[in-house]
Structure formats: structure tokens, C-alpha cells
Amino acid sequence: MSAADWRRAMNLQPPRPAAAGGPRAAPASTPRRRFTNPVRARHVIVLAILLAYPWYATPFFTFQIGAQSLALGLIALSLSFLAGSGGMISLAQMTVAGLAGYMVAIFGTAATDGVTLGWPWWLAVLLAIIGAIVAATFIGWLSVRTEGIYTIMITLAIGVAFHYLTLQNYAVFNGFQGEQKVFPPTLAGIYWRDPKPFYYLTLVCALAGYLFVVYLLRTPFGIALQGIRDNARRMRTLGFNVTAHRVAAYAVAGAIAAVGGVLFTWYNGLVTPGSVGTGWLINILVIAVLGGMRHPVGAFLGAVVFVLLQNFAIDVIDRERFNLVIGVVFLVIVLFSRDGLLGWWAALSARMSTQRGGSPWTAARRRLYAR
Amino acid sequence: MDSRKKTVVRAIVVVAAVLAIVSGAAIAQAPPVKIGLLATLEGPFAAGGQDGMRGAELAVKQRNGVVAGRKIEIVKASSDAKPDVAVNATRKLVEQDKVDIMVGPLSGSEGIAVKEYSKTQPTITFINGSSGAQATTLVSPSPNFFRFNTDGGQWMMGLGKAALDKGYKRVMVIAEDYAFPYSQVQGFMTEYCKLGGKVPVKAWVPLGGKDYSSVIARIPKDVDALVVVLGGADAVNFLNQYEQAGGDKPMVGGSITVSQDILNYKGKRRDSLVGTIAGAPIADAYDAPEWKAFVADYKKNFPDGYPSPSLFALVYYLNMKATLDGLEAVKGDLSDGQKKYRDALSKMVLKSPVGDVKLDANRQAIGTTFITEVVKDSQGNLYNRVLKKIDNVNQTLGIPPAEFKVGSRDEPSCP
């Protein structure tokens, strides 16, 4: 199979005849509309629900379901950005996130036999994010020359190598036991790991990440990236530096994954080799695929479904067989939808609008502008 | 759109109504005691976790599912021996399923993490499953975390002397690289080093490792035996590879190395397991009537279980039995943040199949250790014969608490 075929196979968005006239085709005379247009009633409602959530949910639902989904969603967002908009499926996003978590523990405070420097939390977080971006850029630089399944292979190899490094290195990573008691700071009289504060912390980070990706996809960089995804050779002919764009995409995704990784580490209160093992590398891919990669919101939808399944599948079926439920649900979603939950949503809204007298063509247009 | 919205709203109303009816019905009855039960049903200790569940269920069955007039409701959860997974599962049981008492987890690092979590839930009583890391109760103990089983160090007390009696003057340690094996090795070496034994090489291998060739290559020619502290699938993998490499050194086993799931090992080296000595809180062939009754009960209730209960089954049984005996002692009274219940637990002398267990000031068990030797019975089944029984082993292994250091990769040392 040629590289181009792979790219086509990996291109998870359905072919759209209207794509050529995408967001760019909006009349140049109304740039203001482009910014205000996307804010609709449903955005306000969702935001209101998200903000009010901890006030009607139990601490368990706030912390373990809500905050965990948001933190995981952020890590999955970095993958869905890379894969959905850049056509690069990287399995190393959890590695980048885990590295950020380790660095918070190493530069900040943790209960460990290994290194912990005890620097202030803000410095530790800053260094962790910068370090993770550097690592992500390096991973990107290594893997951009590959396509499709080879990208998956090389990023998987990097992820597994890092897992074994953390497992066997005691001087820095403290081996199997990893770094324990890595907690967020107490600031302004609030302990930021209490359910409500931690939920809002993850919510703010998740919203920022989400809006950042939505914005980025409309910038010239984002448009060029999507162009590269669809036809790298044509973009190169047009004078774009394809490699630089892809590496930059890895760096951006690394920054998002790093924030998610720090939050996830704070959520667990620890980071161990298990946190960056193959299980989690695959889980992040599962979350992104479950939700759908056509829109940044898919990562968070996928994370919610994933976390709910992880927690409650054991209540549905015989305790020793609950992994079966998780597997079956994943299979059903992936088998019956081209693009995860978002794919179902798109199919549903397309059907609704044809029923209301619109043609499939207007449905496609609607779907396009719903981005 | 409108009709679809209506359908959704209707569905929500129906679901809410059903939930209200179900929960209302539950409240109407006499309140059961909800006990959360956590063991590893996935990952490297899946088989052990399943048998642990059997042990805990046995304790419930012996009371016909009722304690102090209240029905016992068990809510199970699973982890995969990772501390973060164990805490997530525990948090779900405590905060979502609202259990009154929590029993678990299975492995060392999980125990430390769950103990830390227990500090954030002061109104719930946490009782250990089978985790055996020393630090759980020795370093910053939690006032509501109880452990009615002895820890990994205590389980090996007396083995050092037994190894020297067998003529093993130099040994190599091969152990998994985390808290539980550290304490096991410490329990062995504390006595072994004091009596003049030498440990020139210690090999720490990752948990769940598949390839032991590099470790096997490092085994010095001049050691008399190997101290193998590996559990579950790891021990079987090591045995297979050591057999293929043509190894013939006798073994000294850790407490979970020669547990029932290893004795059921079907490989060629199975016979060479005969003669292996080990320290454990359990011995298949212990001939006290309490133990025999326990084994018979286990076999009757779990025909699909092992020929004899494994360490996990026994230890989960002990902790669950203590949980229920404590409830009986206070007549099911869990009021006042479970204060009475905790006092009862602290003072209790647990009558167990392997002798009496009592708690120290850190709510850590002081109990019995068996030194065992693997032998083959007439039907070809392997089992552990009791060489020696040592009572009242405490957590600091007889060393004054002030001088005691928690075991690690380098502590203790006698090369």
C-alpha cells in the first residue's frame, strides 16, 4: 500500500465535496461574523451545565468522573488534534503527558526515594510543560518522516521505551514505585485537590485547550495543517514547509498533553510506570476514536464514556467479566460509526434535516458549519 | 427536533421514576451492612485476586450472610495491582456505592495508596485485603486502616535460620522490584545475615517481567541456593526459563512464590520444586483442627477452587472474619463515625485457622509464621509440609522499633 493510500485510509473525515469551499469561502467582507457565528444557544447551555455540575453532583461524580474525564479528555484532545487535523496518529501522547507528570514530581515535591528537588509548584509545572513540549517536538521530529501505520509503530516504540526507562531507572524515576504523593498546591486558602476546586481547575484547563484548538484550526497554520493532511505533495508544491508544520503540530499537541498530564498526575496523586504503560497509550487512542476526531469536543465525549465504563461496567455484569462490557461497547461504537460518537451525531442531524425537507446537500453544509 | 426532545425528556422521567422506586424499596427494608471488597481480578495477580475473593466470601458464608441481625451486602471491585487503579476502585466503593467498611486491596503498593486515601475518609473503616508492604502500617499509619494479617517481612521470619540449617551459606536473591518483595527479603536477611549467611548478589526484576535471561546469566557459580521472591505468572515464567537454561540450584521461596497457584505449575521443573523451603503465614499441611476445618469448608464451598486455599484466600478470609467479628462484638453499631467498632477491632484477639492474631499500636497484626518445605503426596500433588511454627512475630522482627529501618533495595545488606 502506498503512502498516499495510507494517508487516505487514516483520514478519518468523510470526503466532502464542500470542503474546498470550507471556512475560507466565507465572504471576506464579514470577518466579524466568523468569530461570533459559532456561539449558539447550545454552547451556552453546555457551558452552564459544566459550570453548575459540581453543585448538583456528588463529590465522587465531581472528582472521579468529572475531573478525571476532563483531564483525560485533554490528553486525548492532543491526539485528536494530531490525528484529526494533521493525519498523524501518535501513540506517544500519554508518554508526553506522563513525562510532564514525572517532571512535576521531580522538580516539585513528592514522596520518593528518587530525586525530588522541592522547587515551587509554579516553577515545577512550567518546567514540566516546557520539558514535555521539547520531548514532543523531538518525538515529532523523529516520526514525521513516516506515514500511517509506521507513525503508529514508531510512537508506540517510543512510548514502550519510556515505560521501561521509568520502570528500570531508580536514580530519577524511582522504578516500579514511581513518584507518590504528587499533589497540587494549596493556594488562596483552597486545597486544589478537593473535588470542587480540582474540577474547576480541570474545567478551565480543558476549556482553554478546547478553545485553543478550535481557534488554531482556523488560523493559517491550522488550515495549512489540514491541507497537508489532505494532500502533502500539493502543499509542498505550493511552498509550504510540510515537515516544519508537522513538527509544530507535535509541539502544540505536546503542550496540550502536558497540561493534561500534570492534571492527571495531580488527580491520581502519583505517577508510576503503570501510568505510561502500553495500556494507557492505547486507552488514549481508544478515547479519541470513541469520541470522534472530526471536532475537538470528541475527545472529551470519548473520555466521559470511557471513564463511565471503567467505573460502572463492573456493576452491569458478573464482576469477573466486566472487561467484556467495556470491549463490547467499544466495538459497537467503532463498528457502527465511521467516526465515533461524533459520527453518530452527524448522521443523526443529517437525517433530521433531510426529514425536515432539506436535501442531503444542505445537511452536509449544515454539518460543515457546525464546526 | 421537538419530538425528539420530548422523547428524551420522557425517557429521563421514566428512568428517574424507576430509580426512585428502586431506591425507595431499598430504604424500606432493614439496613444491610455494606462492605466493599477489592481484589485484583486483572493483571499479574488475577488468579490470586480471585482466590482472595473466595476467602472473603467464605467468611461471609460462614455467617450465612448475616451479622448482628443485619444482612451483609458485599460490593466487589477490581484493580490490576496498580496503586492508582486501586484508589479509583476504592473511591468508587466508598463515595459512590457508600460502603460502610472497606476490605482490600491485594498488593503492596496498592495498600500504601489505599491507606493514604483512607485518611481522607475518616468515617469509614478500612481493613486490609492481603497487601503486605511494611510501610502501610509502619510509616505514617492511618487511624482508620487496620491490618489483621502479618506483613511481608514477618512472613519470612525464621527462614534465614532454616536456610542455614539446610547448608545454604551463600545465596542470591531474585525478587520483584517493589515494596512487598523488599520486606520479604528483609524478613529473610535480617536473621540470615545475623547468623553469618552471605548474600553477594541481589537481582531486582520488574513486576510482570517476561524475560529473565539476563538475571539467570548473572547467577554466580558459588552460591548454594536462590532466594526467589516472585509471585504469580512471574514465578512460573522464571521457573520455565531457569529450567530451559539448565539451572539446578535449590530454591528458597518467598511467601507467594510457593503458594498454591505455583504448586499447580505443570512444567518439567515441577519436581525440582520439591525440597524448596519458604516462609509464609499459611501451611497447607498444618494439622491443627481449626485449619483442617477451614480447608474442608473452603473445598465444600468452592469446588472450582484450588485443592487447598492459597495465601490470598486465607489472608482475605482473616481480614473479612475480623471485619465481621468486630461487627458482631458491637452488635452492628456503626454510629459515631464507627468509633465503637474501631475500638472493638483494636482490642480484638482474632481466632483464626492459623492461631490467634492481635493488633499492635499501629493496628498491625502480630501473628504466626510457618516455615514450610515442599513435598509430594501419594497422588502426585505438591504441598507445603510444616517444618516449624513461630508464634507472635511482630512487625519489627524482634528489633526495637527505634532501630528498625523499612526494607529497601539496599537494606539490609551482607555481601
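Mentor: Start with B:Ser352, whose bridge partner in strand 13 of chain B is B:Gly355. This is a predicted model, in which local features need pLDDT of at least 70 and side-chain atom pairs count only at pLDDT 80 or more, while totals for chains, interfaces and linings use all residues. Residues are numbered from 1 along each chain as its sequence is written, and chains are lettered from A and ligands numbered from 1 in the order in which they are written.

Strand 12 (residues 350–352) and strand 13 (residues 355–359) of chain B pair in the antiparallel sense over three bridges. Strands here are DSSP runs of E with at least two residues, helices are runs of H or I with at least four, and both are numbered from the N terminus. Two strands count as paired if DSSP finds at least two bridges between them. Strand 12 and strand 13 of chain B form a hairpin, with two residues between them.

Strand 13 of chain B is also joined to strand 14 (residues 365–376) of chain B, antiparallel, by two bridges. There B:Leu359 stands opposite B:Ala365. This second hairpin has five residues between the strands, and B:Arg363 takes a positive phi near 60° in it. Most residues other than glycine have a negative phi, and most peptide bonds are trans.

Another positive phi, near 65°, belongs to B:Gln338, again a residue other than glycine. B:Gln338 is in helix 13 (residues 335–347) of chain B. B:Gln338 is buried, with 21 other C-beta atoms within 10 Å. Buried means 20 or more other C-beta atoms within 10 Å of the residue's own, exposed means 12 or fewer, and partly exposed lies in between, with C-beta atoms placed from the backbone.

Now the open sheet of chain B. Six strands form it in the order 2-3-1-4-5-6, with mixed pairing. Strand 2 (66–67) and strand 6 (145–146) of chain B stand at the edges with a single partner strand each, so one side of each is left without a neighbour in the sheet. Strand 1 (residues 33–40) and strand 4 (residues 101–103) of chain B run parallel and are joined by three bridges. In that pair, B:Gly36 stands opposite B:Met102 in strand 4. The loop between strand 4 and helix 4 of chain B holds B:Pro105. A cis peptide bond, with omega about 0°, joins B:Gly104 and B:Pro105.

In contact across the boundary are 32 residues of domain 1 and 32 residues of domain 2 of chain B, contact meaning C-beta atoms, placed from the backbone, within 7 Å. Strand 14 comes back here: along with helix 2 (46–62), helix 4 (108–118), helix 5 (135–138) and helix 12 (311–329) of chain B, strand 14 supplies at least two residues of the side of domain 1 that touches domain 2. That side of domain 1 of chain B has 16 nonpolar, 14 polar and two charged residues. Ala, Val, Leu, Ile, Met, Phe, Trp, Tyr, Cys and Pro count as nonpolar, Asp, Glu, Lys and Arg as charged, and the others, Gly among them, as polar.

Terms used. Contact = placed C-beta atoms within 7 Å.
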